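Thanks for coming, everyone. Please bring the structure up on your screens, and we will walk through it together.

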Amino acid sequence: MARWCYRHRLVVLLLWVGALFGVGFSASNAGTNYANVFSLPDTDSKSAYDLMQKAFPSTSGDTDTVVWKVDDGSVRDQAVRTRLQPALDRIAKMPGVGEVTSPYAGARGAAQISGDGKIAYAQLTFTQRANEVPKDLVQNVVDTAQDAERGGLQVELGGQAIQRIQEPPQGLSEMVGIVAAAVVLFLAFGSLFAMLLPIAIAVFGVGMGLFSTQLLSHSTDVPDIAPLLASLIGLGVGIDYALFIVTRHRRGIQRGLDPEESAVTALNTSGRAVLFAGGTVCIALAGMLVTRLRFLDGVVIATSLTVVLSVLAATTLLPALLGVLGPRVLSRRQRRRLAANGPETETASGLAARWSVNVQRRPRRIAALALVVMAVLAIPVLSLRLGATDQGNDDASTTTRQAYDLLADGFGPGFNGPLQVVSEGGDTATLVKGIESAPGVARVAALPPAKGVTVIQVVPTTSPQSEQTDDLIDTLRDEVIPQAGAQAHVGGVTAVSKDFASVTGDRLPLFIATIIGLGFLLLLVAFRSLVVPLTAAVMNLVAAAASFGVLVAIFQWGWGLDLLGLGKEGPINAFLPVIMLSLLFGLSMDYQVFLVSRMHEEWVHTRDNARAVRVGLAETSRVINSAALIMVCVFLAFVLSGDSGAAMAGVGLAAAVALDAFILRTALVPAAMHLLGKSNWWLPAWLEKRLPHLAVEPKEDAEPESPAADGPSSVVHGFIRTADGEPVDGASVTLLSKGGRQLDRVTSLADGSYIVSVPAPGTYLLATTAAAYGSRAAHVVVAEGPLVFDVELAGEVDAIN
């Protein structure tokens, strides 16, 4: 497939461009139909909602609020009234505004003025839902209301429709993330063309994913946060996957391969790993479905679709673009050096190699230090509280946050999140008295009944996000309603948020067990080991705990919120653990696959665990750290999205990826694998026979296990000596096939001589190890006669040899 895409590059490019523009054109004509559907069956708030739907069919349109405050006098003063009432009248006449309820409308509006007369509010109802109201209309409403301001008179607006016009321009966070990623890529590659390749793949993958999600929103329920999360994960994996393939391709060209062969080899090796990694991300995302929360179904669809399209772009569009660029994927300096000096023999060197050796020499110290860091960062997770963010968490400079604070000052903290006790039988008067006497209740008002259903509005004394408000809901459900003998349920936005957090918390253990179990099985089949997937599962849990600790410290405790411009502290969004754990486990699996696949390759060839871990870390840590740095930049850019949920997810994922790549995969995992030794690769024989074969790496050419009919057996013999020419006694010499099967194993004699038998002519791997001198592996080509091959062992162990 890679070769076909490379040779038919213009066809592939035209197909992708045509698909992007075609889907984009369709999506722009169809528009969006995102819907936040919280389906919480068997919950008290759902029962309350169903009763209200029966008695009071919901009116279409979003209800927002205009709030004003005077410094001196009263909002009832004629001077204030003559400024605000004409503005409200003009708003009421705007096309798209259904109704405006003014506090100056007689006895009905008197309740909309605070007790001290300093604050008043008006409610305006649009004819459409918040996400459908034209932004021009909302901006016109805001401008008209705030034109009434003067010295000593403050006017603010709150509500979902108002919040939409405060958001930064759509795509700002994506653009900032792409620019930051481009800088990292340019520093890593030193080539403008090579830098643009991962960016192009991410743009095509995310663009197709978002347009497709937009179309799907017309046929299924997709929440409005799904496109943000899809672009967040799509940009990260799209750039990373292309980075792994382009890095392998550039290395192949530098080693003298023809650009086409190099591209085919890169896709047949790193491309396979990308397919496997993308599959693990999708499986982790699909784990959200076990929670049976309909709100998350749309998120699974959007994010998984974007990941699939990003993988498809990396494995089809990328080889076509590599064909267009040819050798220009290298920088000019690299091309000149290649022309002057010929192919390079690239080995891991520099900081990565030195760190790899240090991890081998001090595994206990490094593992202990990494564990201490992760444990300290995980401490705040013990106080994790799930809930829902609202406009009280917006930045202090926004009009929605100021309207929220004014309403709380004038009518009490609980006014922004009233409860609705919905009764369909029993003594309503007794129920109202019981609610009034309950601790934590500020005001109670029973609305006129309809169809046998009575709605009692309950305003708590505490804010919607307060733990005391949660306690009040429990008191009403467990004590007040049963004592009154009424058939009633507690609903409202605050109660729904509490129930959603409870349901999510109850189903979280099953979700975690599902994605850990699936990841364990995938790695078990891929690496034929019990210990490697077990280590990965434990590390994923450690990374999750530490990243949630960072999240709690920032968003729940408020550390650094002002610095980041992220508003006020509050509980962690209830849906965030599920979404974040899915993404974290998927991305962690990516890094585990890229790291361990290189270690596994070395282990198969040499059967030397220390060497396998050392070489794997030395050769992959740089690209893993570069990929992680790109993801951190992309995720942090979503702080600019204007959406508190996306900002929280961005900060949490950025912390998770940074900790996973820079501490776990670079230090703790290799240190643990050094300490575990050969048991890393242990698998019971009975299980080995029953496991299916899933090769992350391409299948090697078949090799004869016994002498071929036309090829007699032979031998490889020689001497094992040091760099000074001294013979090495007792060195272990192993002959392996290219696939890693052991064919013969001997020990060198006192004079350093050895001899191993070869089944047939061909290419083999000869691995030599000696405790005091490290190890060395080399390919040997055996013809029909015996081969003389002397081995020189270095006196000091380095990263590779």
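Start with Lys69. Its bridge partner in S4 is Gln154. Keep in mind that this is a predicted model. Strand S1, residues 63–70, pairs with S4 in the antiparallel sense. There are 6 bridges between S1 and S4.

Now widen the view. What is the order of the 4 strands in this open sheet? They run S2-S3-S1-S4, with antiparallel pairing. Strand S2 (97–101) and strand S4 (153–158) stand at the edges. Each has a single partner strand, so one side of each has no neighbour in the sheet. From one strand to the next, the twist averages 20°.

Which strands does helix H4 touch? Helix H4, residues 78–92, packs on the sheet and touches S1, S2, strand S3 (119–126) and S4. Its direction makes about 160° with that of S2. Helix H16, residues 399–411, lies across S1, S3 and S4. H16 runs at about 110° to S4.

On to another sheet. This open sheet is made by 4 strands, in the order S7-S8-S6-S9, and the pairing is antiparallel. Here the edges are strand S7 (441–446) and strand S9 (488–491). Each edge strand has a single partner, so one of its sides is left without a neighbour in the sheet. Neighbouring strands are turned by 20° against each other on average, direction ignored.

Look inside this sheet. Strand S6 (residues 419–423) and strand S8 (residues 454–460) pair in the antiparallel sense over 5 bridges. Find Val421: its bridge partner in S8 is Ile456. Helix H3, residues 44–55, lies across S6, S8 and S9, at about 100° to S9. Helix H18, residues 467–484, packs on the sheet and touches S6, S7, S8 and S9. The direction of H18 makes about 175° with that of S9.

Next, two helices. H10 (residues 226–254) and H13 (residues 332–341) pack at an angle of about 30°, and their axes are 10 Å apart. That angle makes H10 roughly parallel to H13. Who makes the contact? From H10, Arg250, Ile253 and Gln254; from H13, Gln334, Arg337 and Leu338. By class, that is 2 nonpolar, 2 polar and 2 charged residues.

Last stop, the nonpolar cores. The largest has 158 residues, and Met288 and Phe635 have the most contacts inside it. Helix H24, residues 644–676, gives the most to this core: 19 residues. Another core lies apart from it, with 29 residues, including Trp68 and Ile91.

Definitions and conventions
Residues are numbered from 1 along each chain as its sequence is written. This is a predicted model: local features need pLDDT of at least 70, side-chain atom pairs count only at pLDDT 80 or more; totals for chains, interfaces and linings use all residues. Side-chain values use heavy atoms; hydrogens and water are left out. Axes are lines fitted to C-alpha atoms, for helices over the stretch in contact, and angles run from 0 to 180 degrees between N-to-C directions. Angles under 35 degrees count as roughly parallel, over 145 as roughly antiparallel, 65 to 115 as roughly perpendicular and the rest as oblique. Contact means heavy atoms within 4.5 Å. Ala, Val, Leu, Ile, Met, Phe, Trp, Tyr, Cys and Pro count as nonpolar, Asp, Glu, Lys and Arg as charged, and the others, Gly among them, as polar. A nonpolar core is a set of buried Ala, Val, Leu, Ile, Met, Phe, Trp, Tyr and Cys residues joined through side-chain atoms within 4.5 Å. Buried means under 20% relative accessible area, exposed over 50%, partly exposed in between (1.4 Å probe, protein chains only). Two strands pair if DSSP finds at least two bridges between them.
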